[in-house]
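Take a look at the model below. The report that follows walks through it part by part.

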Amino acid sequence: MVAYVIDTPEPITVLRYVLLINAAPQSGEAANSALRFAGTLLEMGHHIERLFFYGDGVINASNLTVMPQDETNLPAVWNALIEENGLSSVVCVSSAIRRGIVDSAEARRHELPASSCYTSSEIGGLGQLIEALSNCDRTLSFG
Amino acid sequence: MHSLHIIAKAPTATSLADLLAVIDESDVLIFIEDGVYFARSEFPCVEPAASAPYFRQYECYYLAEDLAARGIEAHDDMQVVDTRGFVALSARLARSVSWY
């Protein structure tokens with residue numbers, strides 16, 4: 001018999017999470033797993049200290065992705081989750097610029113014709129990951 | 001020391017050996033994404049994980065959504081959790097290790 005063995009009683013102890021997302025929305029399921037985990041965390045009353053998108057994971061912040069109608073546009077759903085919950089979301093700058101993920105400031109600096117990063121995320125550095133790690137109770141990576 | 005191992009890839013001889021080399025008896029394992037294939041006995045390198053000698057001494061869970069996506073039926077001695085259960089496990093254990 002299959003049982004849902006973990007029955008979380010409410011209220012819970014609120015924990016601060018950092019989620020590190022290393023995978024692009026188009027490759028495998030990891031970005032989707034991370035998104036589902038993040039949404040469920042918030043539903044259960046936990047706090048997301050920071051989302052940090054690294055490596056191919058930075059594509060999740062692209063505002064230029066277009067999906068077929070019967071598929072989920074993960075970057076758009078991330079953007080909605082971040083905006084609706086006022087989350088701190090940071091995209092690693094060195095991962096981002098080499099993949100064409102730039103905000104308007106980076107676009108100007110590198111003389112690019114357009115920006116491609118949702119404004120709900122900020123382009124930042126590993127220092128912001130380290131800072132968040134020192135202020136959180138739990139860290140999970142998805143890759 | 002009391003870590004949650006999040007296994008997201010299907011079993012291979014090497015990943016199994018790596019896993020067995022570092023997990024501790026007090027650790028907890030959750031199989032997600034292609035990791036739920038650990039439940040299948042067809043893999044030559046792994047018995048059904050929950051009952052296999054490899055994992056018998058560990059507390060193991062399988063993610064319901066990812067089992068369902070692959071049409072894998074849980075057998076009697078497997079513990080299945082949904083994403084809320086996954087979150088609860090991550091809250092219970094202070095550290096996590098992601099295998100992907």
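## The sheet of chain A

Cys92(A) has Gly124(A), in strand 4 of chain A, as its bridge partner. Strand 3 (residues 89-92) of chain A and strand 4 of chain A are joined by three bridges and run parallel. Two strands count as paired if DSSP finds at least two bridges between them. Helices (H or I, at least four residues) and strands (E, at least two) are DSSP runs, numbered from the N terminus.

This is a predicted model, in which local features need pLDDT of at least 70 and side-chain atom pairs count only at pLDDT 80 or more, while totals for chains, interfaces and linings use all residues. Residues are numbered from 1 along each chain as its sequence is written, and chains are lettered from A and ligands numbered from 1 in the order in which they are written.

The open sheet of chain A has five strands, in the order 4-3-2-1-5, with parallel pairing. Strand 4 (122-124) and strand 5 of chain A stand at the edges; each has a single partner strand, so one side of each is left without a neighbour in the sheet. From one strand to the next, the twist averages 25°. Helix 5 (residues 126-134) of chain A lies across strand 1 (16-21), strand 2 (47-53), strand 3, strand 4 and strand 5 of chain A. Helix 5 runs at about 155° to strand 2 of chain A. Axes are lines fitted to C-alpha atoms, for helices over the stretch in contact, and angles run from 0 to 180 degrees between N-to-C directions.

## Helix 1 of chain A

Helix 1 of chain A has 14 residues. Its first and last C-alpha atoms are 20 Å apart, close to the 20 Å expected at 1.5 Å a residue. The expected span is 1.5 Å times one less than the number of residues. Just after helix 1 of chain A, Gly45(A) takes a positive phi of about 95°.

Several residues of helix 1 of chain A are buried, among them Ala30(A), Leu35(A), Phe37(A) and Leu41(A). A residue is buried if 20 or more other C-beta atoms lie within 10 Å of its own, exposed if 12 or fewer, and partly exposed in between; C-beta atoms are placed from the backbone. What covers these buried residues includes strand 1, strand 2, helix 2 (74-85) and strand 5 of chain A, together with helix 3 of chain B.

## Where the chains meet

The contact takes 21 residues from chain A and 21 residues from chain B. Two residues are in contact if their C-beta atoms, placed from the backbone, lie within 7 Å. On the side of chain A, helix 1 gives the largest share, six residues.

Helix 1 of chain A packs against helix 3 (residues 83-92) of chain B at about 75°, with the axes 9 Å apart. The two helices are therefore roughly perpendicular. Angles under 35 degrees count as roughly parallel, over 145 as roughly antiparallel, 65 to 115 as roughly perpendicular and the rest as oblique. Arg36(A), Phe37(A), Thr40(A) and Leu41(A) meet Thr83(B), Arg84(B), Phe86(B) and Val87(B).

## Chain B

Ala91(B) lies in helix 3 of chain B. Is Ala91(B) buried or exposed? Ala91(B) is buried, because 21 other C-beta atoms lie within 10 Å. Ala91(B) touches Leu15(A) and Arg138(A), not counting residues up to four places away in sequence.

Strand 1 (residues 3-7) and strand 2 (residues 28-31) of chain B pair in the parallel sense over four bridges. His5(B) stands opposite Leu29(B).
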